[in-house]
Amino acid sequence: MFTPANALAQSTIPDVASLIAPKAPTVADNAAVDGDNPADDDDDDSLVAAATAKLAGHVDGHAREALLAFAMKLRDIRYHRGGRAPSTGFDCSGFVRYVFLHSIGLDLPTNSASQFLAGLKVKRNEMKTGDLVFFRTRGKAISHVGIYIDNGQFIHSPSAGKTVRVDSLNEAYWSKHFVGAKRPEGISNI
């Protein structure tokens, strides 16, 4: 796992040097990332290492692709309300936050409503891979988030009894509940 603190403070993608020679994670780092036992599954560590290796050397133009590749590796992990790690399962915002933090080092807010407020508004016809798509599935508040892929597709952790998967914004349910897209400030220039 890498910790690009300087890059996060500037809302930019981490420099290549921090990706090639990542700092060894500490117990405090692990606890701060997912709130679980610091002795996370080896699977979690191998996913992070794979994403870090993929991102190294592709910092600028390919960060969105690295983010998506990392997200796709998490497909089929079960939904778990409040879940923030592959070992425990994910809720929608936990999935999005985990993907951004572990693939490109961008620390997003902890829930979908806060993630919506933190992003830059994007028109539907201008969405890019890595933009966040938001929905109102319960009442008038933002209650669901996913990561836009391309061609109307997005990846997300939908709900109890389901797993991380790809769906279409054109499906009746998602189309009806779609609120809009936001671009996290840390990837707005790529």
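This is a predicted model: local features need pLDDT of at least 70, side-chain atom pairs count only at pLDDT 80 or more; totals for chains, interfaces and linings use all residues.
Two packed helices are described by the angle between their axes and the distance between the axes. In the model, helix α5 spans residues 63-73 and helix α6 spans residues 92-104. Their axes come within 9 Å and cross at roughly 125°. Angles of 65 to 115 degrees count as roughly perpendicular and those over 145 as roughly antiparallel; α5 and α6 are therefore oblique to each other. The crossing of α5 past α6 is right-handed.

On the α5 side, the contact is made by Ala 63, Ala 66, Leu 67, Phe 70 and Ala 71. Their counterparts in α6 are Phe 95, Tyr 98, Val 99, Phe 100, His 102, Ser 103 and Ile 104. By residue class, the contact of α5 with α6 comprises 10 nonpolar and 2 polar residues, with no charged residue.

Helix α6 also contributes to the largest pocket, giving 4 residues, the largest share of the lining. The volume of this pocket is about 460 Å³, and 24 residues line the pocket. Besides α6, the element α8 (172-177) gives two or more residues to the lining. Tyr 79, Asp 91, Cys 92, Arg 138 and Ser 143 are the lining residues that lie nearest the pocket centre. The lining of the largest pocket divides into 6 nonpolar, 11 polar and 7 charged residues.

How values were computed. Residues are numbered from 1 along each chain as its sequence is written. Side-chain values use heavy atoms; hydrogens and water are left out. Axes are lines fitted to C-alpha atoms, for helices over the stretch in contact, and angles run from 0 to 180 degrees between N-to-C directions. Angles under 35 degrees count as roughly parallel, over 145 as roughly antiparallel, 65 to 115 as roughly perpendicular and the rest as oblique. A crossing is left-handed if the near helix is turned anticlockwise from the far one by less than a right angle, and right-handed if clockwise. Contact means heavy atoms within 4.5 Å. Ala, Val, Leu, Ile, Met, Phe, Trp, Tyr, Cys and Pro count as nonpolar, Asp, Glu, Lys and Arg as charged, and the others, Gly among them, as polar. On a 1 Å grid over the protein atoms alone, a cavity is a set of points where a 1.4 Å probe fits but cannot get out, and a pocket is an open set with protein on both sides within 12 Å along at least five of seven lines; lining residues have an atom within 4 Å of a point. Grid points are joined across faces, edges and corners, and a volume is the space filled by probe spheres set on the points.
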